[in-house]
Amino acid sequence: MKCFTTTKIIVIFILCLNARCYGEGEMVIAPMEKTEQEALYSVIQGFVGNWWNGSDLYPDPCGWTPIQGVSCDIFDGLWYVTALNIGPVHENSLGCTKDVEFRSPLFEQLKHLKALSFFNCFSRQNHPVTIPSRSWEALSNSLESLEFRLNPGLVGEIPANFGSLVKLQSLVLLENGLEGQLPANIGNLAELQRLVLAENRFSGHIPHSFGGLSKLLIFDLSRNLLSGPLPPTLGRLTSLLKLDLSNNLLEGKLPNEISGLKVLTLLDLRNNKFSGGLTKSFEELFSLQQMVLANNPIGGDLMRLEWKKLKQLEMLDLSNTGLTGKIPESVSELKRVRFLDLSDNNLSGNLSPMLAALPCVGALYLNGNNLTGELKFSESFYGKMGSRFGAWDNPNLCYSIGLLPPSTPTPRHVPFGVKPCPQRLKLLQPNSNDNLADANANLDQNSYVTMPTFGSPAIVVKGPSWFTFLGIFLMFSLI
């Protein structure tokens, strides 16, 4: 009885499977509509060449042997293309031909297309390709993601009608040869969550309209030729997590409106021309974990900010920003900071030993400043940090090693490029247990002491023998 029940269940399962896979006509319950399949094949042939005909696909491009890079979904019992990834994304993906062609079925017939990407497809700079300016509005009701990555042969400007793709959530144009100004109507894409236009040759100003992208999470315009000031409207991007505008020609004062970016975790503005000092608005970026402003003529000083308010900060790079003044004690309250770079500025004053007590710090660079006095960090700190602690090129900075007996070896761990501080003479007090011989022994053979000779030129005595000379001098002075 048990065996019969098991057999019955298996038969029912097979019948259900057949009902799912086969229909009355071609025995496939979810075939691809013929016009959809023809449109897909035409689009693919436009990019990989007419040699491809899909003959190795069974029973259709969305069946048991799907095309790499093509995803489908069922609408009203039929397969439709929802994602199309062109280029060598996978090892067995189809490569692009040099004479690529954007064919009209891409825009006119793939009505359910949600994601479209081109990876390393337009790679031949001697066969430049431009993004067609026509028909993108035909995808406005479906397209949610559009990407062009690593296409050095892709040139020209961003089509203005990209602004009609109102359902777009992700627009990525990364590492291409695109140029020209950024279309202002991209600011109309209210659903956009990721906007990456990095490593192209875009120029001109950042449009004020971009401040209308209220759902934006990632905003990356790095490694372009953008110029002008930051539009204050960027402060309206209240959902923004990452802002990278590095490696451009941006200039001017950082706007106070940046304080509106309350959930921002990454701010990278390095390698631009920003000036006008550090804005107090930075104190209101409570979620900030990484702040990189290196290589900007910002100027001003560090004392302007209450650094303890940036409690989440893990990386702070203010190298080569023209900073002056002292390093405030509040910097040592950045308890989560792992990387701190204040190098190549005009900072001055003494260093607080509290900097060495930062619990998470793994790299600390203070080199190339005008810091003075003694480094009062422990030898274990120098040993732990190694080359990740930089204090060289501070001419008036030294590290203390104390008065060491001649038999004491040189400390194993010392700050690279920093000279030892001159050893100081310990004055003996009345009734002191110290004796002259011990003090004499603690002096280096290369120590020098200058003694006045009452009207005659001063006498310079080298090494420990100056104590002997002092005794003789005192004896004669009493005669």
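Reader: How are the bonded cysteines of the chain paired, in sequence order?
Author: Numbered in sequence order, the bonded cysteines pair 1-2, 3-4, 5-6. A disulfide here is a pair of cysteine sulfur atoms within 2.5 Å.

Reader: What am I looking at, and how is it numbered?
Author: This is a predicted model, where local features need pLDDT of at least 70 and side-chain atom pairs count only at pLDDT 80 or more, while totals for chains, interfaces and linings use all residues. Residues are numbered from 1 along each chain as its sequence is written, and side-chain values use heavy atoms, with hydrogens and water left out.

Reader: How many disulfides does the rule give?
Author: The count comes to three disulfides.

Reader: Which cysteine is joined to C62?
Author: C72, with an S to S distance of 1.6 Å. C62 sits in the loop between α2 (34–48) and β1 (70–75), and C72 is in strand β1, so the bond ties together parts ten residues apart in sequence. Helices (H or I, at least four residues) and strands (E, at least two) are DSSP runs numbered from the N terminus.

Reader: Is C62 buried or exposed?
Author: Buried, at a relative accessible area of 9%. The cut-offs are under 20% relative accessible area for buried, over 50% for exposed, and partly exposed in between, with a 1.4 Å probe and protein chains only.

Reader: What about C96 and C121?
Author: They form a disulfide, with the sulfur atoms 1.9 Å apart. The torsion about their S-S bond is about -105°, so this disulfide is left-handed. C96 is buried at 14%, and C121 is buried at 2%.

Reader: And the torsion for C398 and C421?
Author: About 90°, so that disulfide is right-handed. C398 lies in strand β25 (residues 396–399) and C421 in the loop between β26 (419–420) and α5 (436–441), so the pair ties together parts 23 residues apart in sequence.

Reader: How exposed is C360?
Author: C360 counts as partly exposed, at 31% relative accessibility.

Reader: Changing topic. In what order do the five strands of the open sheet come?
Author: The order is β8-β10-β12-β14-β16, and the pairing is parallel. β8 (179–180) and β16 (273–275) are at the edges with a single partner strand each, so one side of each has no neighbour in the sheet. Two strands pair if DSSP finds at least two bridges between them.

Reader: How many bridges join β12 to β14?
Author: Two bridges join β12 (residues 225–228) to β14 (residues 249–253). S227 stands opposite L249 in β14.
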